[in-house]
Amino acid sequence: MIEYVKGELTELTPAYAVVEAAGVGYGLNITLNTYTAVQGKKDVRLYAFEAIREDAYTLYGFATKEEREIFLMLITVSGVGANTARMILSEMTPAELCNVISSGNEKMLKTVKGIGLRTAQRIIVDLRDKIAALGMSDGLAVEVGQAAEPVNKEVKDEAVGALTMLGFAPAPSAKVVIAILKEQPALPVEQVVKLALKQIK
């Protein structure tokens, strides 16, 4: 089992990171929270989760143990797979998600693509006690850094690429991203992707 990957961050998009360690480049699927936490850093440590199936071997990476812990909890819920858990943790910080679950806010959970009322209720019922027992709703936060303002085309391409990796079709994604950037041209990529996730249904 891989506990974490520590090394040079050689590639980074809002949904994917490559970390080179001992001459091997590890490709890890990441959340927007992790993207924000590691952006601008040369050397990183990402806590790993290995999803092994007959037809695929996928690594997920997290900036903190707490985020990985919540991810692991989410995928124990019936109807929540790894990609859905990553989507949830791209729309909310671990602290926000813990508060949403603790307060039973199913409406907020339903704003995440692919989460219906039944799944939202199941997440709350299954995880509320676990989060309370671990004290995870107290003071959890991922450090948020301000991204440097990139060229609009770069932001658009990265945002569309991230949305495509999350399972959305490129054409509708591009349309939504362009509309967002026209209104708010200075937005960093992760904010564009967050807004797009709320608009693409």
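At what angle do helix α7 (residues 152-165) and helix α9 (residues 189-199) pack? The answer is about 50°, with the two axes 9 Å apart. That makes α7 oblique to α9, a word for angles that are not under 35 degrees (roughly parallel), over 145 (roughly antiparallel) or 65 to 115 (roughly perpendicular).

Before we go on, a word about the model: it is predicted, so local features need pLDDT of at least 70 and side-chain atom pairs count only at pLDDT 80 or more, while totals for chains, interfaces and linings use all residues. Residues are numbered from 1 along each chain as its sequence is written, and side-chain values use heavy atoms, with hydrogens and water left out.

## Two helix pairs

α7 passes α9 in a right-handed crossing.

Next, look at helix α2 (residues 65-74) and helix α3 (residues 82-91), whose axes come within 9 Å and cross at roughly 135°. α2 is therefore oblique to α3. This crossing, too, is right-handed. Here Glu67, Ile70, Phe71 and Leu74 of α2 meet Ala82, Ala85, Arg86, Ile88 and Leu89 of α3.

## Aromatic pairs

The structure holds five aromatic pairs; rings of Phe, Tyr and Trp (its six-membered ring) pair if their centres lie within 6.5 Å, and planes under 30 degrees apart count as stacked, over 60 as edge-to-face and the rest as tilted. Here are two of the pairs:

| Pair | Centre to centre | Angle between planes | Type |
|---|---|---|---|
| Tyr4 and Tyr47 | 6.0 Å | 70° | edge-to-face |
| Phe49 and Tyr60 | 6.1 Å | 35° | tilted |

Tyr4 lies in strand β1 (residues 4-13) and Tyr47 in strand β4 (residues 43-52), so their pair ties together parts that are 43 residues apart in sequence. Are these two buried or exposed? Tyr4 counts as partly exposed at 37% relative accessibility, whereas Tyr47, at 13%, counts as buried. Buried means under 20% relative accessible area, exposed over 50%, and partly exposed in between (1.4 Å probe, protein chains only).

Phe49 lies in strand β4 and Tyr60 in strand β5 (residues 57-62), so this pair ties together parts that are eleven residues apart in sequence. Both Phe49 and Tyr60 are buried. Together with Phe62 and Phe71, they form one aromatic cluster.

Key
Axes fitted to C-alpha atoms, helices over the stretch in contact; angles between N-to-C directions. Helix = DSSP H or I, 4+ residues; strand = E, 2+ residues; numbered from the N terminus. Left-handed = near helix turned anticlockwise from the far one by under 90°. Contact = heavy atoms within 4.5 Å.
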